[in-house]
Amino acid sequence: MLMLAAVTFIAAAQNKDNIISSSYTSLTSDSSLKLHVRDIIISGNKKTKTYLIEREIPFKKGDSVNTVLLAKKLQEAKELIYNTTLFNEVKVDVKIISAYDVDVTVDVKERWYIFPVPQFKWVDRNFNDWIKTHNASLKRVNYGVKFIHYNLSGRKDQLKIYLLNGYSRNVSFSYNAPYSNPALTKGFSIAGGFSQSREMAYNTSHNNKILFYPGDSIIKSEGAFVNNNLFFNASYSIRNGFFIRQLFSISYIHAKIADSILFPKYNPNYFNSSKSSIGFPEFSYGLQYRNVNNAAYATKGTASFFILTKKGLGFTGGVNMFSAEAGLNKYHELGNNWYSSVQLSAKIKLPLRQAYINQRGLGYGESYLRGLEYYVIDGVATGLAKTTLKYKILSFKIPLPLKSKSHPYLPVTIFVKTFADAGYAFNKKEFDAYLNNRFLYTGGFGLDILTLYDVNFRIEYSFNQLGEKGLFLHTQGGF
């Protein structure tokens with residue numbers, strides 16, 4: 001009887017890509033049945049250390065695991081290994097040895113880890129801004145090379161070197177070793193660099209558009225560098241389990257801007273100081289929880305974070321700031337290829353009167369409302385909520401002409417979606433603009449196209465409360 005139960009479990013575990021199947025439910029009534037993991041066999045990893053993969057498996061060789069839990073743990077192992085971002089594919093199976101013993105097999109396909117990537121990219125906040133505001137001017141691009149190695153020693157240590165020129169300059173490096181101790185629970189990173197730009201955002205207009213210095217386009221393209229930055233950073237990380245990570249970081253930044261930016265005509269509050277050259281330390285602590293099926297494009301699970309940051313050594317004046325930020329993302333599989341997500345975040349900066357460089361609120365990075373991409377809403381206290389409902393309409397693979405064991409085809413998955421966002425950004429009255437201190441809301445629909453290396457192309461048609469509507473393009477992930 002025990003042998004028959006084990007065979008039933010194996011059949012369920014090997015059902016396509018989903019380890020948990022309906023056949024497995026026949027075992028859940030017997031909570032006393034356990035299977036002994038005789039061995040864990042890992043294959044396909046040429047560069048990545050085997051022990052790094054073993055670290056992501058929630059059981060070890062020699063463990064006895066209740067059959068009610070084993071299928072769940074196999075699926076969890078698959079997701080944890082894939083979320084290292086070191087592999088294109090991960091397959092986790094079980095092989096029956098006897099009525100009591102099984103072997104767990106893990107087969108991976110490694111990604112390419114070395115990318116000397118030529119760069120030719122606009123300097124503006126996003127593609128839409130470059131096209132609409134600056135008419136896709138080729139004078140507003142950077143060129144050069146980024147050298148990135150995502151797995152230098154086989155322990156997921158990353159080396160990045162940037163050599164960029166053009167409208168701005170960037171010479172920088174970083175090295176991140178997340179598994180630097182024998183127990184693979186602690187890590188560190190170091191970084192440093194120097195950057196220059198021929199223009200800089202010196203203020204935000206009343207209609208929530210970034211104002212650039214210098215203002216004349218001819219001066220912009222031919223003028224000297226008006227913003228110079230030097231930085232160094234070191235951090236220490238702790239990840240004792242699978243889902244929680246802590247990060248301690250210390251940085252030093254030295255910034256020098258054109259003296260005339262501090263004139264009343266532009267922004268005397270840029271540094272909240274009369275000095276055009278300033279240096280300051282920055283300390284931060286971050287706590288992250290991530291238990292999702294795909295770290296780059298989650299459709300199931302929970303992710304959250306909490307970050308404390310202290311900029312400067314004082315408490316008031318200049319660039320001194322203390323901030324607290326938190327976020328929660330929930331992803332749900334609704335069945336029949338339907339999915340939903342809710343993403344919440346909030347941030348506060350103290351004291352409430354801040355230098356302009358500390359006032360970034362909504363409209364930067366991924367902290368924006370879909371449909372308000374052309375606007376920035378500065379603030380010292382912000383809140384943002386994003387809700388999405390989507391349906392997977394297609395999933396297929398395109399064979400590639402190049403013969404490669406690791407990249408034999410191009411996977412493509414397409415979701416159609418609808419969404420609604422809401423946000424709020426508070427700022428002091430003296431810095432108030434049209435979209436500050438008011439409830440903001442947007443909505444729309446679109447497509448998400450997910451492909452190799454978790455590259456996500458987002459095509460979105462959005463509306464906002466200003467009566468504006470338009471098509472927006474975004475990319476995320478990749479190299």
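**Ground rules.** I am working with a predicted model, where local features need pLDDT of at least 70, side-chain atom pairs count only at pLDDT 80 or more, and totals for chains, interfaces and linings use all residues. I number residues from 1 along each chain as its sequence is written, and side-chain values use heavy atoms, with hydrogens and water left out.

**Confidence.** I began with pLDDT, the predictor's confidence in each residue, from 0 to 100. The chain averages 89, and 90% of the residues score at least 70. Over residues 1–29 the pLDDT is below 50, although this stretch has 56 contacts in the model beyond near neighbours in sequence; contact means heavy atoms within 4.5 Å. I also marked residues 216–222, where pLDDT stays under 50 and the model has 11 contacts beyond four places in sequence. A reminder to myself: where pLDDT is low, the predicted coordinates should not be read in detail.

My helices (H or I, at least four residues) and strands (E, at least two) are DSSP runs, numbered from the N terminus. Two strands pair if DSSP finds at least two bridges between them. I followed S12 (residues 227–238) into S13 (residues 244–257) and found them antiparallel, joined by 12 bridges. A hairpin of five residues connects S12 to S13. To keep my place, I noted that Ala234 has Ile250 of S13 as its bridge partner. On to S14 (residues 277–292): S13 pairs with S14 in the antiparallel sense over 13 bridges, and Leu247 stands opposite Gly286 in S14.

**Asn227.** I stopped at Asn227, which is in strand S12. Is Asn227 buried or exposed? Asn227 is buried, because its relative accessible area is 13% and buried means under 20%, exposed over 50%, partly exposed in between (1.4 Å probe, protein chains only). Its side chain makes a polar contact with the side chain of Asn229 at 3.1 Å. For me a polar contact is a pair of N or O atoms within 3.5 Å; within protein, one must be able to donate a hydrogen and the other to accept it, and residues adjacent in sequence count only if both atoms are side-chain atoms. Leaving aside neighbours within four places in sequence, Asn227 is in contact with Ser195, Gln196, Ser197, Met200, Lys256 and Ile257.

**Gln465.** Next I looked at the loop between strand S21 (456–464) and strand S22 (469–476), where Gln465 is found. Gln465 is partly exposed, at 21% relative accessible area. A polar atom of the Gln465 side chain lies 2.7 Å from the backbone nitrogen of Tyr441. Apart from neighbours within four places in sequence, Gln465 is in contact with Arg438, Phe439, Leu440 and Tyr441.

Most residues other than glycine have a negative phi, and most peptide bonds are trans. I listed the exceptions that I came across.

- The Leu350 to Pro351 peptide bond is cis, with omega near -5°; Pro351 lies in the loop between strand S17 (338–350) and strand S18 (381–399).
- Lys156 has a positive phi near 60° and is found in the loop between strand S6 (141–149) and strand S7 (158–166); Lys156 is buried at 15%.
- Leu184 also has a positive phi, near 60°, in the loop between strand S8 (168–177) and strand S9 (186–197); Leu184 counts as buried at 6%.

**Helix H4.** Which residues of helix H4 (residues 127–134) are buried? They are Asn128, Asp129, Trp130 and His134. These buried residues pack against strand S5 (114–122), S6, S11 and S22.

**Cores.** I count a nonpolar core as a set of buried Ala, Val, Leu, Ile, Met, Phe, Trp, Tyr and Cys residues joined through side-chain atoms within 4.5 Å. The largest has 33 residues, of which Phe59, Ile81, Phe87, Val104 and Val106 touch the most other members. H3 gives the most to this core, with five residues. A second, separate core of 17 residues includes Ile257, Ile261, Leu262 and Tyr266.
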